[in-house]
Every structure is written in structure tokens, then in C-alpha cells.
Amino acid sequence: MVTPTKDKKPENKPVIGMSVKGNPEIWDDEWVKTTCGGCYGQCTIRAHRVNGVIVKINGEPDNDFGPRGGICAKGEAMIQALYDPNRYNYPLKRTNPKKGLFEDPKWERISWDEALDEIAKRLKKIRAENPHKLLHGGTPGPGSGPDLPLGFGVFGAVFGTKNWYVGGAGLHCGSGSHMGAGLYHASWSIVPDFKYCNYAIQMGSNKGTASGHSMGFNMRLAADARSRGMKNVVFDPICNFGGGKATEWVPILPGTDGLVAMAMVNIILNELEVYDVEFIKMKTNGPYLIGPDGKYVRDKETNKPMVWDAKDNKAKTFNDPSIGDFAIFGEYEVNGVKCHPSFQLIKDHVKQYTPEAAEKESTVPAATVRRIAQEWADAAMIGATIEIEGEKLPFRPVSAVMFRGGQGHTNSAQSYCAMCLLNGIVGAMDVPGGTLGWPAYVEGHPDTGRFRVIPYACKDGMLTAGTFMEHRPWPIEDSQVPYTFLMKELTPTASFSPHPVTSDFDKYWDKLGRPYEIEMAMIFGANMIRSTQSREIAGEFWGKIPFIVTFNILPNEFCEGYADIVLPDCHPLEAYCLFGTHGPFFNHPIGMEGWNFPIRQPVVQPQYERRNKLEVLWDLADRLDMRAEMNNYYNVYFTSFGGEALIGGDIDSIRHLGDIDPKKVVQLIGPDEKITYAEMTDRALKFYFGDEHGLEYVSEHGSVNWPKKPKEAYWRWYVDVRIPIYMEHIAELREDVMKNAEKAGIELDWEQFTPLISYFPPQVGKELSGEYDLYCFSYRDILHNGTYTMEMPWLDEVSRLNPYTYNITMNTAMAEKKGLKDGDLICLESPYGRKTTGTLKTMQGQHPQTVAISACSGAWAKGAPIAYGKGTNFNILLESDFKHACPVSWSQETAATVKVYKIDHRIEFDGAGGDKL
Amino acid sequence: MSQIKPYDFMVKYQQQKDWIDGRGNFIAFAFFLGGISGGLYLAAAYFDSLLGMFVAWLLSLLMGVSYMAHLSHPFRSWRMFMKPGTSWIARGFIFIMLFIGLTTIQLILSQWVPEATGAITVLKVLAGIFAFAQSIYTGFAVSYVSAIKVWNSAIVPILFVTCGLSGGLAILLAITMGGDHAQLVMLENVIRVVLIALAIIIGVYLWNTTYSSTAASDAVKRLIGGSLALLFWIGVFLFGIAIPIIISITSYFAGEASSGLLITAIVSEIIGGLALRFAILKAGMYTPLLPAE
Amino acid sequence: MRWGMAIELKRCVGCYECVLACKAEHFLPPDIFWNRVLIGETGKYPTVTKLIYNVRCNQCADPACVKVCPTGATQQREDGIVWVDEDKCVGCRYCMIACPYQMRMMYEDENAQYFPGQELTEHEKIGKELYPHQPGVVQKCVFCKERIDAGIEAGLTPGVDREATPACVISCPTKAIHFGDLDDPNSEINRIIKEKHGHPFHPEFDTDPSIYYID
Ligand code: SF4
Ligand code: SF4
Ligand code: SF4
């Protein structure tokens, strides 16, 4: 795009769509279509540039990838991050050799060449010795372009390291939910089908009210649903974002959501006995026969799981076309062993979860659980159908969803699966009105057939995602003895790992004989100190790494305390980004919302020496003679979206690029070509959507749009796949994981490796005592994402106007009981002696046994003067070790027990060097 | 008290601050000065005290100055004549200007052309009318504000006028102290009546207001038992009513008051008048837009 | 013609975008807000309702502020929009006192900046050219009259065409705010108000607001 200059004034256009006073001279008045980089949501936007300055952000009204014209406050405030005088403008080198939480880096400006030479020198040495000595990591989204499948993590993977650490992973993310959504929906996360759903249950989730995931379209669709009268029951300890917009808020203790879900399953299966038999028989492993060892009874010849054909009265392999009726109840004898359809086992197993038992742990009254279960089951309308665009589809207008709050505990995987089971038994999965994954099924652009991802059945007939990331939900890979710093290979069901930023990592690494050490880290746009669990534990880990390079747009605690070189990244409004998301299963609009492929493009040119980090990575690749490998990766990646899933899209499969038949790969970029990002974008767009939809077209239109078919939106019954409501694979995994864990001296809660979805009390609950008598948790605030949003003055202003954003909240009566009142400066102390402080604000809408902190505030970086000292950093309170992680998904325990007392100053800022607080 | 948390703005009961904080203080002064100036002129005209009328003129000028000091654009103040049809501030501004203008001529005539009695009387009557107007408008400016329930009462103008009158009388007393004894006694008698009237009016006002709305009764509570209690009981009640009444009643029975006591009563009365304006302005509370707990 | 809004409270999630949209649109200085999101709660645990009201000047048909303004700076247009002529305002604050909705504020500190002690941002600088603010005068929401006027001149319809519709309305991600002509019996906004039982906020203030709320 050509940026107008003062002397090349365009024709005198009338000034509309903006407020001006008088007759200011306007020589540039352009609305540029692009995507927002404020959070994962990546909504499509229009940025208004006047006289070379971005003055306004609007949502894009003409496609579904966002709020259709609206935008959230973070998106608007991105202007202030763009023009923040504190931004990094040049490569910087640390001159203070000391690293630590409050150390001043004493930056010295260096040239790009100097910086890249230094980095390349080290990388070369590492690559020659052992590429794993490079740890790479980041957080997708916030503040700098994510380029999920193109830059984020790709460089390291091509480089050859397997040490890939996602910032705040297992903490801000939902490891259990990515595992579960992958397994049950072939998707990264789930959303109620707001358009048709009549009764939604949310457990610790702010979908449509605050979450970053699919922020824009969720807000819009959820509002339509509320306005239409959808019932929305929210189980949450706090009545703020999710609870605040609920038709019924049900206060619950943190980490007990899974139990309530199980109790509801029990009521529906055993008391009400209304369930979707058809769905259970055809779409789940409910009919699969389970032997006394808890595993499938398999056909001796084919090794396929067996089912009982109730018509022929004999056992058959699960996909035998002659099956007349799948038995889901009873006891049978097959292969000489007694066995039961797994559904029978599930139905019996859940009997222990009475609403009364659930009440004891969760404090949700048994009568409430009963009533909601009844209402929900009624609303499911099992057997009903609906016609959409001529297609007759099952209609199940109920949905249960969960996100971090519900599953950010040591029972993450099991709790999330319990909630999925609730959807599964009524067949409300990827059908109109039910729970939808982000689109897992896309047939491709009508002109080219490309950009195509189709879920399919593999091993045991189970649902397999066409593309995924971070881990393979299905088929489950084999457990291995840990050999990376992440150790995730030990438990292949985990999507993120808290390691190595844990207090017990060294113990295991020692036991394994310390195969190698991390010599260098490359971190993309993250705050690895403030947004990860326990800044002390994190600080200790990062402080030991000899050389750290970060790409960032703004100073933060990590850059200042630990980075050796900072590279100035482009702000999303200054950069191209071809893949803001990782394909449709990540963040694309659900249901019959259209297909959109938006791109990000610079609205203003990057100032000073800021550079797009992808092009910097290519520069580095050149210096390492690695460009051809990178180019090959891109070719493979683009081709795989062209129809054949050559790679899963996950980081791991990048490492097996060599195995792919080169003949299958379209050569979009020649091995020796050195093209710009814009050029790559153009070629990729033309490849996917045809020659007429290249960069020029998308620059003007913002996105390539085409209609979605009902078959794609509601794919469940169009694909012959089943889901494991009986998690046989977890039972099967257990022995191997145990064996491999022993070699590293790792102890996990083995009980949780059970095929029957169960409830396990969370670690946080076990730490409750007379002294540490309250649960403390954090939750997402609609105004903030990551840590960098705190530095935007507009967001800071409105945060101060909000009673909860910057305060610690507590139930009014509980505060009174403790002799505390609004405005008191209080200290929260964990049983491990970790402390954080802040100002108290009482509220009625909070569970009395909890203390809550919103967002990720409490900044202490010197380069973030707006954020400094505002709010409270919750993460300080968290522990980070296996004891505080879900053994199956490796989600962190994101709640802590605390005692609360008054204090005279903010101790966590002692030594921070800014104003005394 | 005006230090409310930003997030409580319009969510909790909240004191008005535009006419009390910072420059807003000048509004309280202006109202006070307008009151006593008007009261003093009326009293001085009645008792024919040229000095009293002159002081009233001075006080009115001072009121104008105080007013200007409150404006952020004083040089545009001429615009304040524009909307007397609906705005009490515009009306008040006109009253003050007319009062000052008329009094100037009257004082000049009285001093240098005392034989022009006809003109002087006419001017006195006219100036008296505007003295009254200048005094009562301060009350109307406040009571017109329906947004602030504790102000929105027909009693406020009467209260302000009476209070202004009592202050004016006190100043006149100070001016006449060394002079005619009979006049002094008469003045004292009038003051006694006015003070008792003032006490009654304040009582009726508070009583009445308590029952008018929650916001207003809340404000009254703050006045008599809350954060403004000190200002109210010591400033308004003790200085404005109790001390002057006690002194004037003792002097009534003693038949004679020492000038020391009289001066105490006068100063006390003036402090009380100022305190009353501050108390009422500070008591001004907005009704929250959200239902308050 | 009388411009008005209808706000669906069920839709609004309290994201504050309407506030920032206005701040960006009018380059409002720090701590100046032409609209707000009020957050509160009613009830006692565990039966609690969170309250979220986005509020701005109600463009009252019978505005207290216009009546008390001594200079005529605060005035009402034919189409109902109440605005302040910056050149006429003396800063007596009577209108601020009189507005029962507290929707007016004084811009005092002309040196206030978003990054105190650092340079002015490009956004702040261009704001001083495109939409300058006079210090010492009262400000308020003007229903984006500049957008409406320019839009109408270009043949657009406020409430229908984005360019002619107030910034906060088009920016709301939940589409909670509707805009249109209250005098036109057939307008969409009147239909919504009627169908969904819109009512003014605090009708007892007796100023006949042009903004309706829908519970
Ligand atoms: S922008 Fe819309 S959803 Fe957000 S606070 Fe304003 S009215 Fe509510
Ligand atoms: S809301 Fe207030 S400022 Fe707006 S027109 Fe009504 S009285 Fe005037
Ligand atoms: S209508 Fe315009 S001026 Fe008024 S609050 Fe909305 S954006 Fe601001």
C-alpha cells in the first residue's frame, strides 16, 4: 500500500465518518482493513489513518470474523501501544551482567547487524553441538503478531530443538480443555452454538463476556442469544463477567466443577434416564466392550475393538457393516472374558456422584444441581431435528462449556472430560444448538478446493483432527522417557507443560543425568516472569540461562530482568501477518457464520528500526544457512492445507519434515529464494484462493470470504467418527507413563489415569486449613490480556473506573467477619509463604470462601510507567511443580489457598526501584 | 468526602463538588456576600445608615469579584447576561449589576447631593429591591437545582435571605455601635427576632427536607450527624445561632450589653452565615443512578 | 427530528469500548469521559445481580442544563442535540451542578497527557488539530453531531449508515446501542423501544431523556 504524503494530497473528499472541528487540513484519510492483535481473538478491523496517524479502530462490519463492526476496548487501545513512547525502537543489549526480578538491564543501543551476528554466532555453535540447547518460547498474540504456524515456534523447530515453551502455559491456558476439545471436537476449544442454543451451562468460563478466545464473534453471538432469551447458568465463584451476564449465577468452590458435572450426568443417566441413545451408539465408544482389565476387548485377528450386536446376539468389530443394533447395556462374554459395553460401566460408575455428595465439596445445593440437570435434559429435546438450508439435522439446543476457571486445577483433564460427557450423553456435540468446537471441518475454498481440513476416523474409529497444534489429541503418541526440558513426551495427553519453569525440574533432570543444559533462549513477545506461575521460581530458571534474546514491542518484567538482547518487534498495526490464527480450528467463527480468511497488513510503516520478527528470523536463518529448510517448511505447511494433511501443523510434525515425500509438496517458495513477507503472503493467498485473491485483493477487501455449508458447520453426523467417552487410551497409557516416569524419579497422581471419567479433589482444596482458610483465584478481565494491556493509558483509565479490575475482591460478609473493609490494603499469603498485596473491594457476588484477583496486573517494570504498581499480581502466589499439576493434561493448579490480613505497604514492590508503594 | 472512588461515581451517593472544591469555594463566598450585602443594604436603608449602605455596596462588589474568581473564563463574563429567561445565574448577575449601579448613584447623591431627597428615595427603593433580589437569588440558584434534593426546597431562598439579613444586621450593629443608643436597642430587638426566625427556618428546613427524598434525608443526616456535623453544629448552630441568641437574650435581660460581647455576637453571626453557605453547598448530594445498597 | 438511543442492557457486557470509542473519536484528554459504564450489584449473596449501565448525556428534550446556562453556551439544536459552544462558556459550572445525570465535566488541565512526563503521542498531537478542546469550558457527549451532520450532508442516514452514526453505537461489540429518530413513528428505534418496553433512565428527574433503556 502506498502511504500518501503531504504533497501528494488525494482529491478533496468530504470528511465523513469522523468527528472534526473546523477545517483542519487533511491530506490522508484512509480506512485500512486488517486484523487486531490485541488478543487471541484476532478480530477483523478497519484502522482509520489520517495524515499518517492511526486515529481510530473500528470492527470490520463486512465479515463474521469479529463483532461485525464492533470492537472491544483492547482493540481500540492498541493505538496507544502503537504510539507508546516507551516502545522498543532499536536492538538493545544488556550491559548490566546481573539478572533478577528488579535488575536494571542498563540497555545499550546496538545495530541490527551487531545483534544478529551475535545471535547467529551462538545459534551456530548450538546447532552444531545439540540443537536442544536452544529453548524457544513465547505467547501467541498479545501485542505482537503471532503468526502461529509461520513464525511462532517454527524457527526453533526447523532449527531442531524440541524445547518449546509457551509462556504462562498451563496457567493462562486450559491444558485440559485443549486436550478434551481435541479429543471430542477435533478442535482447540468449544463454544455454545449461540444461534440456536436455548440452555447453556458455563463452568468457570467467560465465553462471550470476557475471554480472549474468539472474543469478537463470541461477544456478538452471545449477546444475540441473551437478547433472544437463552437460559445461561454460570457456575463460578464470582459474579463478574460470566456470572454477571448469567440468567442464573451459581456460586461454586474452585476446582469442583467436574464434580457437579458428574452429578448432573448421574441424574440424567440414572434418575431421569433421558439420553441420546442414537448418539451414544453411533458416535461414541459407548458400545465398545470393556474387559476386566478395563481395556477394549479386541478382535483377535484385526485387533479392532469389539461391540455387541444385539440383533445378531454376537460380538462384532466396531465397524462391521452388518451390525444391526449396538448394545450399550448388559454383560457379555467375548474371547472368553466377561465384558460390558463401556456405556454400562459409565452409567454404573457415575452413581457414586450424588448431588448430595457434590454439594459437600462444591457448596452447590443438591436441589440446585437436580433442578438444573432436569431443566437441561428437558431443554436438550432429544430426538428433535431442525432444517438448515435444506439439510435436516439433529437439534440439541443445550450446551455445557468450561474454560480455565473450571479446569485450571490438578483435576483438569478429568473435570473437562466430565463436562464433555454431559454434552455427549445428550448428543449435543457439533449439531445445531449444541456445543460446537471451533470449525474442525472445512471443505475448502469453492474456487480451488484448497484450505481444506477434514476430521476423520483413525485408530479404533476415533475422531482425529485434520490439523492441530502442541500435541496430537488422537491418536495418542507413545510415552517416552523425558528428554526435553518440557518433559511433555512423558505424558502425550498434555498440551502444555509447566516445565522447566518449576521448582522440581532440576530434581528430575539430575536423576536423568542432566543430558544437556539450555545455553540460550529465544522468546517471542511474552512476559515470562509476570504471566507465569511464581516469579521466584521463574526468575531462578531464567536467571541461569546464559543468553536470552527476546522480541517485543514494549518493555516488561522479563525483558528488563533477564534478556541479554531485545529486538524491537512491529506492532500489529505496523506488520503483515498471514496466519493470525492456526487455521479454522483455532478461533474461527462457529455455526453458520461464514468462512473468512483475513490477513493483517501494515496500516502505518514501522518507525525507527522496528522490524517484523518473521523477517528477522529469516535473516537469522540466512546466517545459519537454514533458509532453504525454512522455505521447505512453508511449502509443506501451505500444501498441507491444500487438501492433504501432510503434517498436523503441530510443532512436532515440523521436525519430521524430512519424512514427507517432496513430490507431494507444492513449491511455493524456491529453496534459495529470499522473499519478503508480503511476497510470501501473496503467493500463499493465490495458492489457497486463486490468482485473483492475492495480496492486492485481500489488502483491499481485508479477507477472502465464502459461505459455510451446514455440513461444515454441523459436521458431526457427516463424518463417521466416534469419541472416547470411556477413556481407554488413558488406562492404556498409564503403565508406560509410570515406567518412564520412574526413570526420572517423577511421581504423579496415578489414580487419575482412569478410563472412567471421574472427579478428583483439586490440590488447592487439599491445602485448605484453619489458618489458610480461603481460596484465591484469578480470572480474566475483559479489559486486559496478557500483561501489556496494563500499559495502555485508556485501559488504565477505565480499569480505575471499574470497581474490580485493580482490586482484590472478597465477599462482603466474609470481609466483615475478618474485620476488613473496602479500601483496606491487604496481604494474601499462601501456605508456602508467598505473598502479594492489594486493595480490598468487597462484593456480594462472590463465594464467601474465596478471594479473587482479576487480570495479570501488579507490574513492576520500569519501562512500563502506566502499569507500574497498578492492581495485584496474582501469579506470585502459585506453586509450580508436579504436585500442583494435573497428571494427565499437565495443567497447573491456578488457584491457591491463602490467609488474608491487613498490611501497611506493598511488600512485593520492595526493591522494585520505582515509587514506594 | 469529595474523595470518592472513581468507580463509585454515580453508583454511590456523591457530594457535588463543582460549587465547593477548589475555585468552587468562591461560589460559597459569593452567595454569602450576596446575602449579607443585600441584608445590610436593606437594614442600612431602613436605619438610614450611609456607612452601612456603603459597606453593602463594597460587599456586593466583593461578591462580584468572588464570582469572577470562580469562572474559568472571567473575560467572557459579559455573556452571563444572555439568558435571564431561564437561568438564575444570569438573573443574579443582572441583579448584582443593577444593585451596584443603583447604589453607586444613590451613594454619590446621598454623600454629595443630599438635598436630592426625591431621587435618593426612589433610588433607595429601587436599590432595595435589587438588594433583596441579589440576596434571594442565591437561594433560588441553589433551590432550582432539582438534581440535588437537599437544595431543591422552597425554604432555601427564605433561609438564605434571612441568614443574609441577620448577617447584614450584625454588620450594621457593628457600624452603629458607637452611635445612637436608641437605634442600637432597636437594632438589637430586630436581630433577636431575625435570629429566632432563622433558627426556626433552619429547623423547618431540615425537618421538611428529611422527608422529601432519600438523597435529601441522607444529606440531612450528614449535616446533623455525619461528616458535616462539625461544620453544622459548631459553624451554623453555635456561631450562627446559639452564641448570638444567647448574647442578645442576656443583653435583653441585662438591658445593656458590653461592646465586647456585642462584637463577639457580630463576628460569631458572620462566621455562622458563611458556615451555613458552606454547609448547604457541601450537603448537596446527587442521587446515584444505580440502586444504592 | 429527534435523535435518540435505545440501549439493550441484556446485551451489554461492560467492555468499556463505547467509552474508548468516544475517547478516540473526540481525542478526549485524560480523565475526561463523555460516556461511562457504571458497574454495581444488587441483592445479597447468593442471589446477586450485576448491574452494568452505559450512560452518556441523555440529550434531554427538557434539559436542565440548557435552562440554567446563563450564557447560552449550552444549547439545544432542532434535532434535540444538546451541546456546548466552547467559545461562549464562561465556566460557571451551573450546568454541571444542574444535570441530574452528572453527564458534564470541565476540561481543566490543558497540559494533561496520556504518558505523563513523556512526549505527546502522535495520536494526541493530531487530536489537537482534528478535534481541539478548549480548556476551562464544560464538555459533554454531543451525540457525535459532527458525524451526523456530515453524514446527512453526504446523503446518509444516522442509525443506518455507520459513517453517520455515533461512534459508541457502531463500536459496541454486542450491538447493545441502537440509534435513530424518535420523532419518526416508523423508525427502527421506535419499534425496538415499543416492542421491548424501553424506558428512560430515572424518569423522575423529569428532563425527558432521548435515551431509552431496555431491561
Ligand atoms: S461497548 Fe457495548 S458491550 Fe461494551 S460496555 Fe459499551 S454498551 Fe456495553
Ligand atoms: S443529561 Fe444532563 S447534560 Fe445531558 S441534556 Fe440532560 S440535563 Fe443536559
Ligand atoms: S454519542 Fe458520540 S459523543 Fe456521545 S458518548 Fe457516544 S461517541 Fe461520545
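**View 1. Strands β23 and β24 of chain A run parallel and are joined by five bridges.** Strand β23 covers residues 520–524 and strand β24 residues 547–552. Ala521(A) stands opposite Ile548(A) in β24(A). Strands (DSSP runs of E, at least two residues) and helices (DSSP runs of H or I, at least four residues) are numbered from the N terminus. Two strands pair if DSSP finds at least two bridges between them. This is a predicted model: local features need pLDDT of at least 70, side-chain atom pairs count only at pLDDT 80 or more, and totals for chains, interfaces and linings use all residues. Residues are numbered from 1 along each chain as its sequence is written, chains are lettered from A and ligands numbered from 1 in the order in which they are written, and side-chain values use heavy atoms, with hydrogens and water left out.

**View 2. An open sheet of seven strands in chain A has mixed pairing.** The strand order is β5-β4-β25-β24-β23-β6-β7. β5 (107–109) and β7 (164–166) of chain A are the edge strands; each has a single partner strand, so one side of each lacks a neighbour in the sheet. From one strand to the next, the twist averages 20°. Helix α2 (residues 112–129) of chain A packs on this sheet. Helix α2 touches β6 (134–138), β23, β24 and β25 (565–568) of chain A. The direction of the helix makes about 125° with that of β25(A). Here contact means heavy atoms within 4.5 Å. Axes are lines fitted to C-alpha atoms, for helices over the stretch in contact, and angles run from 0 to 180 degrees between N-to-C directions.

**View 3. An open sheet of three strands in chain A has antiparallel pairing.** The order is β12-β16-β15. β12 (289–290) and β15 (332–334) of chain A stand at the edges with a single partner strand each, so one side of each has no neighbour in the sheet. Two bridges join β12(A) to β16 (residues 337–341) of chain A. Ile290(A) has His340(A) in β16(A) as its bridge partner. Helix α8 (residues 342–349) of chain A packs on the sheet and touches β12 and β16 of chain A. Its direction makes about 75° with that of β16(A).

**View 4. Strand β2 (residues 44–50) of chain A is largely enclosed, because seven of its seven residues are buried.** Buried means under 20% relative accessible area (1.4 Å probe, protein chains only). On one side lie Thr44(A), Arg46(A), His48(A) and Val50(A), on the other Ile45(A), Ala47(A) and Arg49(A); all are buried. β1 (residues 29–35) of chain A pairs with β2(A) in the antiparallel sense over seven bridges. Thr34(A) is bridged to Ile45(A) in β2(A). β2(A) also pairs with β3 (residues 53–59) of chain A, antiparallel, over six bridges. His48(A) stands opposite Lys56(A) in β3(A). β2(A) and β3(A) form a hairpin with two residues between them. In the turn, Asn51(A) has a positive phi of about 45°.

**View 5. Thr74(C) lies in strand β4 (residues 74–76) of chain C.** Thr74(C) counts as buried at 2% relative accessibility. Its side chain makes a polar contact of 3.1 Å with that of Arg104(C). A polar contact is a pair of N or O atoms within 3.5 Å; within protein, one must be able to donate a hydrogen and the other to accept it, and residues adjacent in sequence count only if both atoms are side-chain atoms. Beyond neighbours within four places in sequence, Thr74(C) is in contact with residues including Cys65(C), Cys69(C), Trp83(C) and Cys95(C).

Conventions: Buried < 20%, exposed > 50% of the residue type's maximum accessible area, 1.4 Å probe, protein only.
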